[in-house]
Amino acid sequence: MPDEAIRLSLFSFSLAGDAKRWIHSFKGNSLKTWDEVVEKFLNKYFPESKTVEGKTAISSFDQFSDESLSEALERLRGLLRRTPIHGFFEPIQLNMFIDGLRPQTKQLLDASTGGKIKLKTLEEATELIENMLASDHAIL
């Protein structure tokens, strides 16, 4: 059985409430491709206005004054999850995160890299941040 057929047959089991009723409102095999299901689902539950609102929240991300590095990262990840079609690739997400950090937090990251964290590769910067989070959840 092709992957697309499996996705189509199992998708309704991942839904609950209104979303489950919505998917069952389609007659028989009227949704023939996975792309068609995805398009209709996103149009229904993530309209353009909601996507624009989410993208604005993501792109204007700033670390709160009393927020640790780990709390700030979790909040940004939450914003990204709430807007699944945000269109920001990982390098852009990392830059928005770093740019939104308070100056003291950026200085700490830069000092940890022995230079500028923004000059590191995506993998190097992500690994450094994850290591800092693992060793100290109270970094401000």
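Let's start with a pair of side chains. Arg21 and Asp18 meet in a salt bridge, with N and O 2.5 Å apart. Keep in mind that this is a predicted model.

Where do these two sit? Both are in helix H2, residues 17-24. Arg21 and Asp18 are three residues apart there, so about one helical turn separates them. Now, buried or exposed? Arg21 has 55% relative accessibility, so Arg21 counts as exposed. Asp18 comes out at 53%. The cut-off for exposed is over 50%, so Asp18 is exposed too.

Why pair at all? Side chains of opposite charge can pair when their charged atoms come close.

How many salt bridges does the structure hold? Six. Let's take some more of them.

Next, Lys118 and Asp99. They form a salt bridge, and their closest N and O atoms are 2.5 Å apart. Look at where the partners are. Lys118 lies in the loop between helix H7 (103-113) and helix H8 (122-135). Asp99 belongs to helix H6, residues 90-100. The pair therefore ties together parts that are 19 residues apart in sequence. As for accessibility, Lys118 is partly exposed at 42%. Asp99 is partly exposed as well, at 43%.

Now Lys116 and Asp110. Their side chains also meet in a salt bridge, 3.8 Å from N to O. Asp110 is at 18%. Buried means under 20%, so Asp110 counts as buried.

Then there is a network. Salt bridges link Glu74, Arg77 and Glu130. Hold on to Arg77 and Glu130, please.

What is the hand of the crossing? H5 passes H8 in a left-handed crossing.

Which residues make the contact?

Arg21 and Asp18 pair within helix H2. Lys118 and Asp99 tie together parts 19 residues apart in sequence. Lys116 pairs with Asp110, and Asp110 is buried. Thank you.

Conventions. Residues numbered from 1 in each chain as written. Predicted model: local features only at pLDDT ≥ 70, side-chain atom pairs only at ≥ 80, totals over all residues. Heavy atoms only, no water. Salt bridge = Lys/Arg side-chain N within 4 Å of Asp/Glu carboxyl O. Helix = DSSP H or I, 4+ residues; strand = E, 2+ residues; numbered from the N terminus. Buried < 20%, exposed > 50% of the residue type's maximum accessible area, 1.4 Å probe, protein only. Left-handed = near helix turned anticlockwise from the far one by under 90°.
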